[in-house]
Structures are given as structure tokens and as C-alpha cells.
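This briefing goes through one protein model by topic, beginning with the terms and then turning to the fold, the sheet and a single residue.

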Amino acid sequence: MIVCAATNNPGKLRELRRILEKAGHQVRSLRELGIDLDPEETGATFAENARIKAAAFCRASGLPTVADDSGLCVDALDGAPGVYSARYAGVHGDDEANNRKLLAAMAGVPAARRAARFVSAVCFMLPDGRALTVEGACPGCVADAPAGDNGFGYDPLFIPDRVGVGRTTAENTARRTYAQLADGEKDAISHRGRAMEKLEAALPAFLAGALATDERNAL
């Protein structure tokens, strides 16, 4: 299946492409499709924002579209930055500023209270508007300082509870951040990887239902 990856974030595009192509789909980026669009994310939840983006880019591309909305939810900050993760410091996509603000907000917070989780909502939308939305999460904590360069966003500051490859995971005793993990390690435990895993499992039944509905409507 040819799928439009609805993101302007190059790091997120790499992850979506890697995961979707591994599942056998062909991925087209917004650049490849000639789409220059930045829909306003007005949703109160990750799922609402994922659907807003999926709908906008599905209309623009005319293709089945997958959109992700994700962010970091920190317990000590009452769930912030949450849906505002990408614009936490005021400018959308300024990773360094967002990380600095998060570290400042967490200054003096002891290790026992630095729990956090990454959350991803993924929406798969067909050109007729039918949609399937799934969510994935990865528990962990906020590091005292950034570490690693294989990632984007808050990856250098997020220490997942577990690491591994495939379905084999173990406690992250080395306290490596997302940005210190290899691609396969991150995909196996990440919020987006888990959401995409759920999407892949649910997609055949969703598409079969859509096809059956189309066939009934054609009668």
C-alpha cells in the first residue's frame, strides 16, 4: 500500500518510514508529494491532533494517510508538556529550547519524582474519511542532563524503563536515553513503535471492513 506520511518533522518521518516500510508499505513524504501544509493542532488530546493532521494531509494527497501526534508527559509537571511538547518553549519544533525549558522546570526534582512517559497517537485515514486511531506509550523518566545524538525532540532527556530488540526487553540498568539507543532498540520499545505495532495488527480488519462497506454501497 502507498501511504502518505503526514509529518514535517524529519526525525519523525524517518521513524514512520522505517516502521511502515518494514511492514511492507510504500511511504511517500510530503516533499515527495509536493505538499506544503502545516495544519493547526487545536486538539486537546494526542488522538484529536493526530486525526486533524491525518484529515488535512489525506485531503491534500488523496492517499491513505498516517499521522502521529506525540509528546512527553511528566508526572512532576502535571502531565506537561503533553500536547504542547513540540512548542513547549514557544516556537514549534525548537528542540534545544524545549529541552532547556524542561531541564529548568525539573531542576531540583529528585530521581524518585522524575517519572515520565512518551505517548503517541497514530491515526490512519482513508480518502473517504474513515479512520483508525491507536495509541502507544513508553514509561521512563527525565534525565538530569542530555545524552546521545541518535534522536530528536526530547530523546536525549528521556530514559525508558526498558530496552531491547524485537519482543525481548530488559530493565534499562545502564540508564540509556532514547538518543543513545540504536534504531532497532528504540523501535522495539518506543511509544511510536508500540502505536505502529497496534496499527499494523488492527489495519487488516479495518481495511476489510472498509472494502465490505464499499462493496455493499456499490450494489
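Two residues are in contact when they have heavy atoms within 4.5 Å of each other. The model is a predicted one, in which local features need pLDDT of at least 70 and side-chain atom pairs count only at pLDDT 80 or more, while totals for chains, interfaces and linings use all residues. Residues are numbered from 1 along each chain as its sequence is written, and side-chain values use heavy atoms, with hydrogens and water left out.

**Confidence**

- The mean pLDDT (the predictor's confidence in each residue, from 0 to 100) is 91 for the protein, and 95% of its residues reach 70 or more.
- Among the elements of the protein, strand 6 has the highest mean pLDDT, at 98, whereas helix 6 (residues 191–218) has the lowest, at 78.
- Where pLDDT is low, the predicted coordinates should not be read in detail.

**Overall fold and dimensions**

- The protein contains 6 helices and 8 strands, these being DSSP runs numbered from the N terminus (helices: H or I, at least four residues; strands: E, at least two).
- Followed along the sequence, the elements give the pattern β-α-β-α-α-β-α-β-β-β-β-β-α-α.
- The radius of gyration, taken over C-alpha atoms, is 18 Å, which agrees with the value near 17 Å that a compact globule of 219 residues would have; the globule rule is 2.2 Å times the number of residues to the power 0.38.
- Taken along the principal axes, the C-alpha atoms fill a box of roughly 65 × 40 × 30 Å.
- Of the contacts between residues at least 6 apart in sequence, 60% join residues at least 24 apart.

- Six strands form an open sheet with mixed pairing, in the order 2-1-3-4-5-6, where two strands count as paired if DSSP finds at least two bridges between them.
- Strand 2 (26–28) and strand 6 (158–160) are the edge strands, each of them pairing on one side only.
- Strand 1 (residues 2–5) pairs with strand 3 (residues 65–74) in the parallel sense over 2 bridges, and Cys4 has Thr65 of strand 3 as its bridge partner.

**Burial and Asn99**

- Buried residues (under 20% relative accessible area, with exposed meaning over 50% and partly exposed in between, for a 1.4 Å probe and protein chains only) make up 47% of the 219 residues.
- Asn99, which lies in helix 4 (residues 95–105), is buried, because its relative accessible area is 13%.
- Leaving aside residues up to four places away in sequence, Asn99 touches Gly153, Tyr154, Pro156 and Leu157.
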